Amino acid sequence: MAKTSGQEFLNILCGSSTVEGLTDRNPEDSRYRATMLGWLNLVLKDIQNRQQGWHWRWLEKTATASTVAGQHSYDLPDDIDTNKMFALYDRTKDNTYTFVPYDRFVRLFPDPSNEKGTPRWWTFWANTIRLYPVPASAFTFYLDYIKNITLLTDDASSTTDVPEKFDEVIIDGALVYAYRFDPSLGDWKSQQQLYEAGIQKMINDNRMMINELAESESHRLKRGRNLIDGRNSLYFPMPNL
């Protein structure tokens, strides 16, 4: 199933030359259409910001970067969501680096240039990943992280990361703003309840995806219970519902 584009979302809400919009506006009103686009993106940002101690599985991403001999700092991906990083590793040497909080990293390795070799530890500071020991040669490392949600534009090729089965949630969220802007269209408080119910369905769906990966309780009992409950898993932390 093709994802709904930003242009299609706007046509549903504002109308076009061929369809009537949900807000019953003049489809030629470009200012209102631009305003609606802003509301759509506010909804997407709200969906992203719901991640508190857990994450949307569909925002998971892996990036690669090549090291430079003698260089210990590397830029984070441009689309990373603040500090939501999960693992740093080298597939060629089958080596996963150990994360060290920055304050401890600095105390342990005040001058990273003192040792070169195969990195074993990493930290991050000022939007950079820092490795120790400093790489002695060039190789590729992998970073698993959570990306920022992709915002929409008024274009047929513009899509976002939210699965298409939740298009209605995005539309319900945009209508909350539309109803607050023009109360004659509907009750924004009731619309807010519809939107929140949709968000809850998204969270439940996100949790069900993870529960399918549950381990038996015989292997690290507590971790297994957390996975089955869908709460605060070491690998896939989830909200307490």
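Two strands count as paired when DSSP finds at least two bridges between them. Keep that in mind as we walk through this model, which is a predicted one.

Let's start with strands E7 and E8. E7 covers residues 121–125 and E8 covers residues 128–132, and the two pair in the antiparallel sense over five bridges.

Now turn to another open sheet. Here four strands run in the order E1-E10-E3-E4, and the pairing is antiparallel. Strand E1 (60–66) and E4 are the edge strands, and because each has a single partner strand, one side of each has no neighbour in the sheet. As a reminder of what holds such an arrangement together, strands of a sheet pair through backbone hydrogen bonds, in either a parallel or an antiparallel way.

Inside this sheet, E3 pairs with E10 (residues 140–147) in the antiparallel sense, over five bridges.

What lies between E3 and E4? The two strands form a hairpin with four residues between them. In the turn, Asp94 has a positive phi of about 50°. Lys93 is also found in this loop, between strand E3 (80–90) and strand E4 (95–96). Is Lys93 buried, partly exposed or exposed? Its relative accessibility is 44%, so Lys93 counts as partly exposed. Lys93 can also be placed relative to Thr140: the two are 47 residues apart in sequence, while their C-alpha atoms are 9.9 Å apart in space.

Two packed helices are described by the angle between their axes and the distance between the axes. Take H2 (residues 30–49) and H4 as one example: their axes come within 9 Å and cross at roughly 125°. That angle makes H2 oblique to H4, and the crossing is right-handed. Which residues make the contact? From H2 come Tyr32, Met36, Trp39, Leu40, Leu42, Val43, Leu44 and Ile47, and from H4 come Ile170, Gly173, Ala174, Tyr177, Ala178 and Phe181. By class, these are 13 nonpolar residues, one polar and no charged.

H4 (residues 167–181) also meets H1 (residues 6–14): the axes of these two helices come within 11 Å and cross at roughly 50°. The result is that H1 is oblique to H4, and H1 passes H4 in a right-handed crossing. On the H1 side, the contact is made by Phe9, Ile12 and Leu13. The H4 side contributes Asp167, Ile170, Ile171, Ala174 and Leu175. Sorted by class, the contact of H1 with H4 has seven nonpolar residues, no polar and one charged. As you compare the two helix contacts on screen, look for Ile170 and Ala174 of H4, which are among the residues that touch H1 and also among those that touch H2.

Methods. Residues numbered from 1 in each chain as written. Predicted model: local features only at pLDDT ≥ 70, side-chain atom pairs only at ≥ 80, totals over all residues. Heavy atoms only, no water. Axes fitted to C-alpha atoms, helices over the stretch in contact; angles between N-to-C directions. Parallel < 35°, antiparallel > 145°, perpendicular 65-115°, else oblique. Left-handed = near helix turned anticlockwise from the far one by under 90°. Contact = heavy atoms within 4.5 Å. Nonpolar A, V, L, I, M, F, W, Y, C, P; charged D, E, K, R; others polar. Buried < 20%, exposed > 50% of the residue type's maximum accessible area, 1.4 Å probe, protein only.
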